[in-house]
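Student: I have a chain to look at, and I would like to work through it by question and answer.

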Amino acid sequence: MEVKENLIAIEQDIKKSLAKSSYGQTPTLIAVTKYVTIERAQEVVEAGVTHLGENRIEGFKDKRDNIDGVTMHFIGSMQTRKVKEVINHVDYLHSLDRMSLAQEIQKRAEKRIKCFIQVNVSGEDSKHGISVDEVQTFTQSLSEYDNIEVVGLMTMAPIDATDEEIRSYFKQLKQLQITINSLGLPHAPCTETSMGMSNDYKIAIEEGATFIRIGTKLVG
């Protein structure tokens, strides 16, 4: 299918999910363009999606250097030694998950970076992210890092989770985001939740996602 047709179907899903949500905020759609060509990514932009997400350094550089007028999100795990290659070119980083990474961002960034703290809500050993119990302390500890702005929290549900489990994970993240936001931390407004991918974005929207990350269902 064409990107435009896929986008129409996704937009219809978004409307239906918003009707079931008590939050009512239309989420920003991030097109996850990993593994697709620059030409395919350009189709996405021409269809009207201007937020692109990449989880590999190489793919990020390719899209950044060849596509104009887009907001670039780095959504993959960030190796500390790779920070210097991309940090001053990202608009949003979705994977702040440890103090050593925060320190490297502080060292290398030439501007204030909008960051999502990645939270391992499910507690899976294979997942990156900070545990739910550590999020508040970690967020507060970033107050000295003036190159980091914690705009929100991000999570990924396990691939094999049931809809009920997925809903529980997303609900937890939303409540945690609201808690952090209520602290009134100048460096961590924490107004956003980045959650939901091709297989579970409808549930994420119902539970208050403000950013959804869709790859396969949009670009194939």
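## Fold, surface and cysteines

Tutor: This is a predicted model. Its accessible surface comes to about 10,300 Å².

Student: What share of that surface belongs to carbon and sulfur atoms?

Tutor: The accessible surface of the chain is about 10,300 Å². The part that belongs to carbon and sulfur atoms is 45%.

Student: How many helices and strands are there in the chain?

Tutor: The chain holds both kinds of element. The count is nine helices and eight strands.

Student: Why is the chain said to be as compact as a globular protein of that length?

Tutor: For 220 residues the globule rule gives 17 Å. The chain is as compact as a globular protein of that length because its radius of gyration is close to that value, at 17 Å.

Student: What percentage of the residues count as buried?

Tutor: A residue counts as buried when its relative accessible area is under 20%. The chain has 220 residues, and the buried share of them is 51%.

Student: How many disulfides does a search of the whole structure find?

Tutor: A disulfide is a covalent bond between the sulfur atoms of two cysteines. For Cys115, the closest cysteine sulfur is in Cys190, 12 Å away, and therefore too far for a bond. Cys190 is in no disulfide either. The number found in the whole structure is zero.

Student: Is Cys190 buried or exposed?

Tutor: The cut-off for buried is under 20% relative accessible area. Cys190 has a relative accessibility of 0%, so Cys190 counts as buried.

Note on methods: Residues are numbered from 1 along each chain as its sequence is written. This is a predicted model: local features need pLDDT of at least 70, side-chain atom pairs count only at pLDDT 80 or more; totals for chains, interfaces and linings use all residues. Side-chain values use heavy atoms; hydrogens and water are left out. Helices (H or I, at least four residues) and strands (E, at least two) are DSSP runs, numbered from the N terminus. The radius of gyration is taken over C-alpha atoms; the globule rule is 2.2 Å times the number of residues to the power 0.38. Buried means under 20% relative accessible area, exposed over 50%, partly exposed in between (1.4 Å probe, protein chains only). Accessible areas come from the Shrake-Rupley method with a 1.4 Å probe; for residues, only the protein chains shown count as cover. A disulfide is a pair of cysteine sulfur atoms within 2.5 Å.
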